Amino acid sequence: MAEITEAAAPQPAALPTRPGKIVAIHLSYASRADQRGRRPQHPSYFFKPSSSLAASGQTIERPAGTELLAFEGEIALVIGAPARRVPLAEAWDHVAFVTAANDFGLYDLRANDKGSNVRSKGGDGYTPIGPSLIDARSIRPGDLRVRTWLNGVVAQDDTAAGMIFPLEQLVADLSQHFTLETGDVILTGTPAGSSVAVPGDVVEVEVDVPGGPSTGRLVTTVTQGDAPFDPELGSLPAADDLQRTEAWGSREAAGLPPEPGPAETAGSPLSAELRAKLEAVPVAGLSAQLRKRGMENVHIDGVRPLHPDAKLVGTARTLRFVPHREDLFASHGGGYNAQKRTFDAVGEGEVVVIEARGETGSGTLGDVLAIRAHARGAAGIVTDGGVRDAAAVAAVGIPVYTSGAHPAVLGRKHVPWDHDVTVACGGATVQPGDVIVGDADGVIVIPPGLVEEVVDAALAQEAEDAWIAERVAEGHPVDGLFPMNAQWRARYEAERGQGR
């Protein structure tokens with residue numbers, strides 16, 4: 001391995017040389033993924049400028065007009081021998097040193113960066129690193145631990161063994177795409193516990209092998225800046241409840257009230273007994289009972305199942321698209337938009353119901369989102385728009401109802417606008433928490449307050465219809481039997497009372 005040695009007079013941030021690039025990963029620890037409610041299938045990355053480096057003991061400025069400066073304690077890898085298309089088994093040989101880093105981010109600027117993090121994580125001093133280096137050859141990567149303290153209280157404590165993607169994988173993966181050069185730094189992600197620091201706070205990060213070598217504590221003090229952003233040059237900082245929740249780590253930590261879920265909004269979730277009853281009754285039977293109660297407009301028209309033999313039963317989690325408009329798609333279509341938030345938030349036993357205005361000239365979901373819903377335990381998906389990669393979506397196995405297949409991506413006809421609101425799907429109004437039932441005949445919407453009454457009546461009607469079918473099979477004419485006149489009704493009641 002080509003080695004690098006610590007300079008007699010260290011470069012900024014205690015690194016042996018100024019890195020040509022700093023590569024950071026978005027999400028890599030299982031604890032952080034569980035906290036965020038989404039687990040990536042593959043690692044994804046962003047770059048930070050070398051000008052963001054800082055040394056232990058320096059300060060970081062929270063800019064004027066902002067509130068959400070978040071810390072992220074991380075294990076940093078310093079590349080020794082250049083790496084290009086290295087296999088996983090050899091990746092660690094290209095790491096010279098390990099040290100501590102703090103991947104600070106300003107969530108007030110995150111929305112407009114759409115994942116690139118150029119402004120939100122590229123500021124001067126936003127990458128403190130050090131204070132000393134651990135020889136990578138002296139340790140096993142899975143033994144590394146990272147801890148973070150906020151004002152002396154432990155906020156983060158995890159090990160590399162808790163990573164979704166091992167440290168060696170990050171090196172090998174990045175080397176597939178470009179050369180990792182001597183001195184380059186990889187920031188390997190942060191575990192659960194990342195939160196907001198305010199002026200006056202002191203944040204410390206340490207990477208070590210318990211009972212073995214340590215980087216010592218990387219110390220950063222937060223100060224308040226007074227230079228405002230110029231609105232003539234670019235977008236201004238903005239914080240909403242979503243950014244506050246993700247910066248602080250939870251709504252509770254951010255001082256926000258709990259967000260009601262669909263079931264809380266519209267009533268109780270389905271009990272196991274009630275769900276079993278709904279699974280036993282055909283949609284046609286439920287539809288007939290709703291009609292008897294004056295509910296005519298409860299059918300989601302124009303959708304067909306990708307799995308005709310599967311029964312769909314669940315409570316609605318809604319998503320609304322509006323017609324495509326270029327400026328609105330630019331502001332709402334990218335980043336962590338309403339579509340992604342819905343599929344990341346759908347719960348066990350819920351049905352994602354999508355309003356697409358019956359527009360089938362574009363996909364409203366594809367296989368990745370279907371996989372996400374399936375992994376979250378969702379009961380199914382209903383969209384009055386198109387499905388992209390229909391064969392792949394069907395292969396996922398989750399019940400899906402759609403108006404048709406279309407190869408185009410989302411931006412052709414739709415803008416993902418909002419979620420957990422009242423929507424119109426296939427001509428039916430659907431509210432969060434409504435009960436959704438589907439089979440080969442179609443999909444209906446049942447108000448939560450009616451569901452027990454309707455399903456019990458439908459089960460009773462199913463038993464009656466089965467008895468009538470038996471009599472017809474015996475050769476009796478349907479006249480007077482279907483529906484039953486008083487004579488047939490009396491016989492039915494008598495036989496039912498005898499347990500036949």
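Reader: Why does Trp 92 count as buried?
Author: Its relative accessibility is 13%, and buried means under 20% relative accessible area, exposed over 50% and partly exposed in between, using a 1.4 Å probe on protein chains only. So at 13% Trp 92 lands on the buried side. Keep in mind that this is a predicted model, where local features need pLDDT of at least 70 and side-chain atom pairs count only at pLDDT 80 or more, while totals for chains, interfaces and linings use all residues. Numbering starts from 1 along each chain as its sequence is written, and side-chain values use heavy atoms, with hydrogens and water left out.

Reader: Where is Trp 92, and which residues does it touch?
Author: Trp 92 sits in the loop between strand 6 (73–79) and strand 7 (95–102). Leaving out residues up to four places away in sequence, Trp 92 touches Leu 77, Val 98, Ala 136, Ile 139, Pro 141, Leu 144, Leu 167 and Glu 168. "Touches" is a contact here, so heavy atoms are within 4.5 Å.

Reader: What makes Arg 32 buried, being an arginine?
Author: The number does: Arg 32 comes out at 4% relative accessibility, so it counts as buried. Arg 32 belongs to helix 1, and a helix here is a DSSP run of H or I with at least four residues, a strand a run of E with at least two, both numbered from the N terminus. Beyond residues up to four places away in sequence, the contacts of Arg 32 are Leu 27, Glu 72, Tyr 107, Thr 190, Pro 191, Ala 192 and Ser 194.

Reader: And Tyr 45, buried or partly exposed?
Author: Partly exposed, because its relative accessible area is 22%. Tyr 45 lies in strand 2 (residues 45–48). Not counting residues up to four places away in sequence, Tyr 45 touches several residues, including Val 23, Ala 24, Ile 25 and His 26. The C-alpha atoms of Tyr 45 and His 26 are separated by 5.7 Å, with the two residues 19 apart along the chain.

Reader: Which helix does helix 10 run roughly parallel to, and how do you know?
Author: Take the axes of helix 10 (residues 338–345) and helix 11 (residues 367–375): they come within 8 Å and cross at roughly 30 degrees. That makes helix 10 roughly parallel to helix 11, because angles under 35 degrees count as roughly parallel, over 145 as roughly antiparallel, 65 to 115 as roughly perpendicular and the rest as oblique. The axes are lines fitted to C-alpha atoms over the stretch in contact, and angles run from 0 to 180 degrees between N-to-C directions.

Reader: Which residues meet there, and how do they divide by type?
Author: From helix 10 come Gln 339, Phe 343 and Asp 344, and from helix 11 Leu 369, Arg 372 and Ala 373. The contact of helix 10 with helix 11 has 3 nonpolar, 1 polar and 2 charged residues. Nonpolar covers Ala, Val, Leu, Ile, Met, Phe, Trp, Tyr, Cys and Pro, charged covers Asp, Glu, Lys and Arg, and the others, Gly among them, are polar.

Reader: How do you know that the peptide bond between Gly 130 and Pro 131 is cis?
Author: Its omega is about 5 degrees, and the bond is cis. Pro 131 lies in strand 9 (residues 127–135).
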